[in-house]
Amino acid sequence: MKTKKQRPTYSLAQNVLWMGKIAWNTRKEIFLLCVLAALMEVLYYLAQLYIAPEILRLVERHAPIGNLLRTIVFFTAALFLALGFKEYLLRCVFPIRVDIRCTVIGMIIHKASATSYPNTLNADFIKLREKAWDSCNSNNSATEQIWQELTNLLKDTGGFLVYLTILSNLDFTLLAVIIVTCLIGFFVSSRTNDWVYQHREDENVYYTKKSYIRSKSQSPVLAKDIRIFGLQNWLNDLLDQVHNVYLDFRLKVEKKRLAADLTEAVLTMARNGIAYVYLIHMALDEGLGVPEFVLYFSAVSTFTTWVTGILQDVSKLHKNSLDICCVREFLEYPEPFPFEEGEPIAWADRYELKLEHVSFRYPEAKEDTIHDLNLVVHPGEKLAVVGLNGAGKTTLVKLLCGLLDPTEGRVLLNGKDIRDFNRKEYYRLFSAVFQEFSVLDVTVAENVAQTSEGIDYAKVESCLEKAGLTKAVRELPKGLDTHVGRDVYLDGILFSGGQTQRLMLARALYKDGPILILDEPTAALDPIAENDIYRKYHDMTKGKTSVFISHRLASTRFCDRIIFVADGGIVEEGTHESLLALGGAYAKLFEVQSRYYQEGRAF
């Protein structure tokens, strides 16, 4: 049973108007330039159409050579000016088209970076985001190409009307034959193009797989593994398999296109043959002159171009419209949080966070990651969260930060549900170091301050000192102005994993939010560096509420309270000493970890 095709969210007219509004607010001159470019192309074709008949007419009349030369010069100048002006207009409109597309790209970037965190985990949102990017990622993408197609439609429609006027003296049957053969050829070609368009994602999959294998085979990160494990032949085999499947796909495409081209060739021969017979009949029986014969035959051939062009333009505009639908659907994807609409935060000196019977389940998951959990994080408290992998520690922190909303229960700030707040203002309460690093290819100072304007360099240096990165930064070629990473700047430096964690810690300290979240902030540090962070922890968190996640239970001693998370809930809580005395899960895990630091102890 065939699945019913889903109707596009927006019509072609609605998407053209949407792009028109963006163009009007960005570069409104594009409308005039597109109309002028279409007009110049129609004039160019008209000059081409009339040059041969006019010269033949003058030759038949035995016109003076001066008249003949003036006519040739006139038409040559007209062709030159029309073509030159058209090319000039197209070159003028090109950067404007790019500018409009970049405006749409900016809208997509803003949506992608400002959307609610749960959307970034949503498979539908991710798929729609990729489709939106595909509609903006090149000069041939829909958000730019639509202007070329609209220009072509204006040109083809204008040419169709002008040539229809010229051919109006001919038998309507001939025009009907021309239009019918064009429709048949367009239908066959359209079926082929539609098939290719519908399978474009299959082709993209092949390209993506080939690109992925090539990039991995050349990756410096994997270079050691490839050589040690002898992966060269395996990677080559994988590439051959994908390439062979891709060749089969391309062969199928070319067969369909060949059939369409052969059909078009037959129709063109039939159309031109009928036109020849009709015009020769007029020449023999009705005294049609040679200039008129050339004029009408050329007009018939070009009229076919206008008819086919209009059909193709509408088809391409429809495809562009489908891609633009994806862009609009992405930009209008619903947000679960009230960002701007929520209540403003009542700024205070102290903040209490409370989880009240909170449960959370990820989409498509069969069980809750957090289940019926109750927790109060007191103002100024240093709380440690420990537990095994997958226990829900990071999810718990994301609930506290407001990155996720509970599926059941409430998260309260000073007794008020955080879902009522303006979420952007709520985020300002938190400085955080998460497990996933987000280093940008900008300077060290910009990475710490997360801005390029108004940087407080003294504060940057103070935060780097607290994070233990001052010595490493001073040894850099340009100090705080040294670029990090080499994706953008070739002179950028690459920090080690531990140094990167210190940089992220300095960034969190620079923000100076009243609540500090540290999710495994020392995982990449050696024991000495980790101990240095612990010794500075009290200074870092002075006057702040802090939540510290760690797998290393020895690191929790400096915290006021420790909670041990397991099976989506809190199974133990207390100080380090009280939990050891309890002899429960925390004590057992601590005992296992401590063995690694005791020489001569048997496992």
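This is a predicted model: local features need pLDDT of at least 70, side-chain atom pairs count only at pLDDT 80 or more; totals for chains, interfaces and linings use all residues.
I started at Trp 24 and found Lys 28 lying over its face, 5.2 Å from the ring centre. A charge sits over a ring if NZ of Lys or CZ of Arg is within 6 Å of the ring centre and within 35 degrees of the ring normal. I looked up Tyr 510 too: the charged end of Lys 459 is over that ring, 4.8 Å from its centre.

Residues are numbered from 1 along each chain as its sequence is written, and side-chain values use heavy atoms, with hydrogens and water left out.

Next, ring pairs. I got 14 aromatic pairs in the structure (Phe, Tyr and Trp rings, the six-membered one for Trp, with centres within 6.5 Å; planes under 30 degrees apart are stacked, over 60 edge-to-face, the rest tilted). Phe 31 and Trp 147 are edge-to-face, because their centres are 5.9 Å apart and their planes stand at 80 degrees. Phe 31 is in helix α2 (residues 30-60) and Trp 147 in helix α6 (residues 142-166), 116 residues apart (helices are DSSP runs of H or I, at least four residues, numbered from the N terminus).

Buried or exposed, what is Trp 147? I read 4% relative accessible area, so Trp 147 is buried, while Phe 31 at 31% is partly exposed (buried is under 20%, exposed over 50%, partly exposed in between, with a 1.4 Å probe and protein chains only).

Last, I checked Tyr 45 and Trp 306, an edge-to-face pair with 5.0 Å between centres and 70 degrees between planes.

Note on methods
Helices (H or I, at least four residues) and strands (E, at least two) are DSSP runs, numbered from the N terminus.
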